Amino acid sequence: MRFREPFLGGSAAMPGASLQRACRLLVAVCALHLGVTLVYYLSGRDLSLLPRLIGVPSPLQGGSNSAATLGKPSGELRAGGASPPLPLDASSEPHPSRGPGPASNLTTALVAPTTAVLLSACPEESPLLVGPMMIEFNMAVDLERVAKQNPEVKVGGRYAPKNCVSPHKVAIIIPFRNRQEHLKYWLYYLHPILQRQQLDYGVYVINQDGDSMFNRAKLLNVGFQEALKDYDYNCFVFSDVDLIPMDDHNTYRCFSQPRHISVAMDKFGFSLPYVQYFGGVSALSKQQFLTINGFPNNYWGWGGEDDDIFNRFDRIAHTKETMRLDGLNTLTYKVLDTQRYPLYTKITVDIGKPS
Amino acid sequence: MMSFVPLLLVSILFPAIQAKQFTKCELSQVLKDMAGYGGITLPEFICTIFHISGYDTQTIVDNNGSTEYGLFQISNKYWCRDHQIPQSKNTCDISCDKFLDDDLTDDMICAKKILDSEGIGYWPAHKPLCSEKLEQWLCEKL
C-alpha cells in the first residue's frame, strides 16, 4: 500500500507524522475488520463452507441429554449427524382448522387405532433414531410447509405410530405468551424427532391471556387438565418453547421417576447451573404429577416455581407442607379459546393475577 | 503524541470495565468477611447471590412498585434511595445506584444491616435453594 506524501511534510519529529502513523494503523484495522465481516457475510450464504474456510475442527457431538437453546434468530449451534431439510420460504401464519364445534375437532384429532389389536408394541428403543442433530435458527420457518413435511401429524398436533403401538401416551405442554417465532422453530424441529421416537403424542401450547406477570407453573397445571380432556395421556412432558434437543436419543417420555430432560443445555455450558435446577424440559407421569399435586399456582414472574417443584420431590424439604395447599386441587382458570392448528393445539387461558 | 494509539485503545476499554460479572471464586474472596455473619455461612451467601442476581452487579429488578439493586438485590423500599421512592426510609443512607458498581464495600455494609434487622429471610431464595447441597457453592481454589 502506498500513501501520498503529507502536504504538511516535515521531519518525523513533527506531531503530524506520528498522527499519520496512527491513522494508517486505524485504516489497516478497519480494512481487516471489513474483510472479516465480508468473509462471514459471504459464508453465511452457505454455512457448510465456513469450517473449511477457517479450518474449524468437525462439529461437536451433542451428549445424549443435551439441548440447544433458541437465542436471537441469528444464533446457531452445530452438531454432527443428519440435518433436516431447510425451509426457505418466508414465514406465514398457520391456518387454524375450524370445524363446526370442538367435539368434531376432537374426533378428527384423536388417532383411532382400529387396527391396534393387530399391532405389536413398539420396541423399547426406536430403530428410527439418528443421534446428534444439527440445530440452526438462521432460516425462516413456514408452518404450512412444516405441516406438509409431516403429513402423519394430525390436526391439533397429534400423532401415533402406524406400525406399532406405543406405550407412551405423551402430552407435551408448552407454557406460552408472545413467542410465535420460537414456537415455529420448536415445531419444525420437534415433530420429526417425536415421530422418530415412536411416541403417541399431542402438542399443547398453553397461552396466557392478558398482560399480568407470566405464571409458567400455573399454565403447566392448566395444560395437564386440558390435555386429559382430549385423550387418556399417561405422560406429561413440560417444555419451554425455546428448548430443542440436540440428540434424538433424548426421548420425550416418562420414566419410573420424574425426569429432568434438559440436564445439559448449551446456554449453561452443558452443565446444570445448580444441582437442584429443574426448569427447561421435564417429564412426569400422570401418577407422579397427581402425587405431588401438580405445580404451585402462586409463583408469578421470574423464577422460583421450578425450584419449588424440585423441593416437592425431596421428602425432607420444607415446601412439602405447602404442596397440599397450592396446586392442582386449588387450580382455577378460564379457557378463553381453543384452536386446533395442524401442528399443535393452542389453548388461551385467563389465569388471573397475582393476589 | 506517540501515546495517542495506546491511549485510544485504553479509552475504548474503559467503559467496559465498569460492569462486573463475578465468578464464584472471585465473589468468595471478596465476601470473606461476611462468612458467618448472622449465622450464615459463606456458601449460603454465594448460593443466595447466585439465585437473586447471578453474580451480576448491574442486576436491577422491578418488584411491584419497588426496585431491587445489585448483587444483593437491595430494595429502595426501606434500604436505599432512588427516584422511584424519594421518601424511602433509606436505612443504609445511600443512593441505590451505588449498588450497581463493582465495589462491593457499600453493598456488604448495607447487607449486614439487613441481616441484623431482618435476617436471611429478607432473601426468599435462601430457604428453598440454599439450605442444603452447599458443597456446589464452595470455591475449590481458596
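Biologist: Which residue forms a salt bridge with B:Glu132?

Modeller: This is a predicted model, in which local features need pLDDT of at least 70, side-chain atom pairs count only at pLDDT 80 or more, and totals for chains, interfaces and linings use all residues. Residues are numbered from 1 along each chain as its sequence is written, chains are lettered from A and ligands numbered from 1 in the order in which they are written, and side-chain values use heavy atoms, with hydrogens and water left out. A salt bridge here is a side-chain nitrogen of Lys or Arg within 4 Å of a carboxyl oxygen of Asp or Glu. With closest N and O atoms 3.9 Å apart, the partner of B:Glu132 is B:Lys133.

Biologist: Is B:Glu132 buried, partly exposed or exposed?

Modeller: Buried means under 20% relative accessible area, exposed means over 50%, and partly exposed lies in between (1.4 Å probe, protein chains only). B:Lys133, at 28%, counts as partly exposed. B:Glu132 has 24% relative accessibility, so it counts as partly exposed.

Biologist: How many salt bridges are there over all chains?

Modeller: Side chains of opposite charge can pair when their charged atoms come close. A search of the whole structure gives a total of 12.

Biologist: Which residue pairs with A:Arg196 in a salt bridge?

Modeller: The closest N and O atoms of this pair are 2.8 Å apart, and the partner is A:Asp248. A:Arg196 belongs to helix 5 (residues 180-196) of chain A and A:Asp248 to the loop between strand 6 and strand 7 (259-260), so the bridge ties together parts 52 residues apart in sequence. Helices (H or I, at least four residues) and strands (E, at least two) are DSSP runs, numbered from the N terminus.

Biologist: Which residue forms a salt bridge with A:Asp240?

Modeller: A:Asp240 is found in the loop between strand 5 (235-239) and strand 6 (243-245) of chain A, and its relative accessible area of 18% makes it buried. Contact means heavy atoms within 4.5 Å; leaving out residues up to four places away in sequence, A:Asp240 touches A:Ile174, A:Pro175, A:Trp186, A:Arg216 and A:Gly280. The salt-bridge partner, with closest N and O atoms 2.8 Å apart, is A:Arg216.

Biologist: How many residues apart in sequence are the parts that A:Asp240 and A:Arg216 tie together?

Modeller: Both A:Asp240 and A:Arg216 are buried. A:Arg216 lies in helix 6 (residues 216-228) and A:Asp240 in the loop between strand 5 and strand 6 of chain A, so the parts tied together are apart in sequence by 24 residues.

Biologist: What share of the residues in chain A is buried?

Modeller: Chain A has nine helices and 11 strands. Among its contacts between residues at least 6 apart in sequence, 80% join residues at least 24 apart. Of the 355 residues in chain A, the buried share is 47%.

Biologist: In what order do the elements of chain B run?

Modeller: Chain B holds five helices and three strands, and 44% of its 142 residues are buried. From the N terminus on, the order is α-α-α-β-β-β-α-α.
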